[in-house]
Each structure stands twice: as structure tokens, then as C-alpha cells.
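This report looks at charged pairs and surface patches in a protein model. The sequence and structure come next.

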Amino acid sequence: LNGRIEAGELQVQVVQKKALDSRMKARSIATKDRPGALRHLKMAKRYDAQVATIRGGMDKLETLKVTLESQQHMKGFVDSIGSGARMLKATNAQMDADDIGELMG
């Protein structure tokens, strides 16, 4: 997951640069070619939408990563509790009620 998140960050940077380039191109030709400038601005908006989509996917991946890490910790806790319960049961099986009575009596 970490690798995919990093790849997403790089992809966002590339697409953001494309959006910036489209905006700059639109500015540079705005007085000469208004329809061309509008096409570049529309393209920049599409790039912005693509960035939002990529970031949304990255957010989902990061949420999944945190959830998986949490589940791994919980599994460790449950395994430890189970191990402790088995040890307690084994210890209780070794104790004899007569031995306890003699100690208390």
C-alpha cells in the first residue's frame, strides 16, 4: 500500500504540473486566440478533477492502511489474551484443592 500511495503522490504532482501548464498557455494566448485559451482552461479543469480523483483514492488507501495496522495490533492483543488464558487454565489444573486446604488450615 505504501508504494501505491507514493505512486499516487507522484501522479498528483505530474497532473498538477499539466494543469498549471494549461493555465499558463491559456494566459499567454488569451488575447490572440480566445477559443484556444478556453480549451486550455477546460483542460486545466479536467486535470484538477483528475487530481481530486487521485487524492480520493489515496485517502481510501491510507484509511485501509490504518485499518489493517489496527487489525494487526488487535490480533496481537487477542493472541496474547488467549495465551494468558491457556496459561491460567494450565496453572489452575496443577493446583490441588487438598493442597490449598492444608495451606489455609
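Is Asp-79 buried, partly exposed or exposed? At 40% relative accessibility, Asp-79 counts as partly exposed, because that class lies between the limits of 20% and 50%. The model is predicted, and the values here are computed from it.

**Salt bridges**

The structure contains three salt bridges.

| Asp-21 | Lys-17 | 3.1 Å |

Lys-75 is exposed, at 53% relative accessible area, whereas Asp-79 is partly exposed at 40%.

Asp-21 and Lys-17 are also four residues apart, but in helix 1, which covers residues 2-29. About one helical turn lies between these two residues, and their side chains meet at 3.1 Å, N to O. Asp-21 has a relative accessible area of 37% and is therefore partly exposed.

What does the pair of Asp-48 and Arg-23 tie together? Asp-48 lies in helix 2 (residues 34-94) and Arg-23 in helix 1, so the bridge ties together parts that are 25 residues apart in sequence. Asp-48 is partly exposed, with 32% relative accessible area. Arg-23 is likewise partly exposed, at 28% relative accessibility.

**Surface patches**

Which residues form the negative surface patch? The patch is made by Glu-6, Glu-9, Asp-59 and Glu-62. Helix 1 and helix 2 are the elements that each give two or more residues to this negative patch. Glu-6 is one of the patch residues and lies in helix 1.

A nonpolar patch is also found on the surface, formed by Met-95, Ile-100, Leu-103 and Met-104. Together these four residues have about 500 Å² of accessible area. Ile-100 lies in helix 3, which covers residues 97-104. With a relative accessible area of 40%, Ile-100 is partly exposed.

Methods
Residues numbered from 1 in each chain as written. Predicted model: local features only at pLDDT ≥ 70, side-chain atom pairs only at ≥ 80, totals over all residues. Heavy atoms only, no water. Patch = residues over 30% accessible without salt bridge, like charges linked within 9 Å, V, L, I, M, F, W, Y side chains within 5 Å. Areas by Shrake-Rupley, 256 points an atom, 1.4 Å probe, with all protein chains shown as cover. Buried < 20%, exposed > 50% of the residue type's maximum accessible area, 1.4 Å probe, protein only. Lys, Arg positive; Asp, Glu negative; His and termini not counted. Charge placed at Lys NZ, Arg CZ, Asp CG, Glu CD.
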